[in-house]
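Me: I would like to learn how to read packing and salt bridges in a model. Please take me through it step by step.

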Amino acid sequence: MSKILLFIPMYNCEKQIPRVLGQLTDEVCSYLSEVIVVNNRSTDGGEQVAADYLKQRNLPIKAKVLRNDDNYGLGGSHKVAFQYAMDHGFDYVIVLHGDDQGDISNILPYLKNREYEKYDCFLGARFMKGSQLQGYSAFRTFGNRVYDLLFSAVCRYMVYDLGSGLNMYKTDILRDQFYLKYKDNLIFNYCMVMGSAYYKHKVKFFPIIWREEDQVSNVKMVSQAITVLQLLASFAMNRKKFVEAEHRDKVVDAYTAQVVYEN
């Protein structure tokens, strides 16, 4: 059986993190080896709430809360977790965002039948047949579908989502750290999609249920949309140059975090 790490990135998710951890039923945990909640220097009480929940819940698997040594952004938290997975011998990393928009139960059927083992990147998609969107505007849905089509054309494989909150990666593809120079913010996942195209990763999308209720969005829609188009154009013009380029606004020598709670 594969050794699977569940990584939950968290930033100011005090209200939502108990609901996310509540998704970890005994059945779900039976397919996981460990869960880490990575707190990206939240300014609310989310870190303590997560630790308290794990103390009371007593999950049947190892569980830790980590605090980033700096505010690295969502992409930077991925880099912390990817390094953790490699250092501790995990075969796969599942990413489940701490804001309770996605549900890990959506990937459970594929854990059961082990379909994920056929792919390097097994990605949740909000905008494909079988997906359900709750509280998501028609305008944003249309915009995302347009971008998915643009990325599909440039990347030369069908893209159904540029970055949902439920994804799974094979650790073997992470070992050369091709992702290290990608942006540390929300655009990290967009870069991962283009990187997978260049490195010819085996990618599979699967439908998910996505909801927006009491979450606070960190997306600045217009500025991000322009930046993403610029990145896609750069990738289209010279793929090799794109994947080798430094995309971070601030170069970080090492993405580190400290364990603040473990069961």
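**Helix contacts and a salt bridge**

Me: Which residues in α4 and α7 meet?

Reply: Gly 75, His 78, Lys 79 and Phe 82 of α4 meet Phe 188, Asn 189 and Met 192 of α7 (contact: heavy atoms within 4.5 Å). By class, this contact has 3 nonpolar, 3 polar and 1 charged residues (Ala, Val, Leu, Ile, Met, Phe, Trp, Tyr, Cys and Pro are nonpolar; Asp, Glu, Lys and Arg charged; the others, Gly among them, polar). The model is predicted, with pLDDT of at least 70 needed for local features and 80 or more for side-chain atom pairs, while totals for chains, interfaces and linings use all residues. Numbering starts from 1 along each chain as its sequence is written, and side-chain values use heavy atoms, without hydrogens and water.

Me: How do the axes of α4 and α7 cross?

Reply: Two packed helices are described by the angle and the distance between their axes. Here, α4 (residues 73–87) and α7 (residues 188–198) have axes that come within 9 Å and cross at roughly 60°. The two helices are therefore oblique to each other.

Me: Where do the side chains of Lys 64 and Glu 34 lie, and what do they form?

Reply: They form a salt bridge at 3.9 Å, N to O (Lys or Arg side-chain nitrogen within 4 Å of an Asp or Glu carboxyl oxygen). Lys 64 is in strand β3 (residues 62–68) and Glu 34 in strand β2 (residues 34–39), so the pair ties together parts 30 residues apart in sequence. The whole structure has 14 salt bridges.

Note on methods:
Axes fitted to C-alpha atoms, helices over the stretch in contact; angles between N-to-C directions. Helix = DSSP H or I, 4+ residues; strand = E, 2+ residues; numbered from the N terminus. Parallel < 35°, antiparallel > 145°, perpendicular 65-115°, else oblique.
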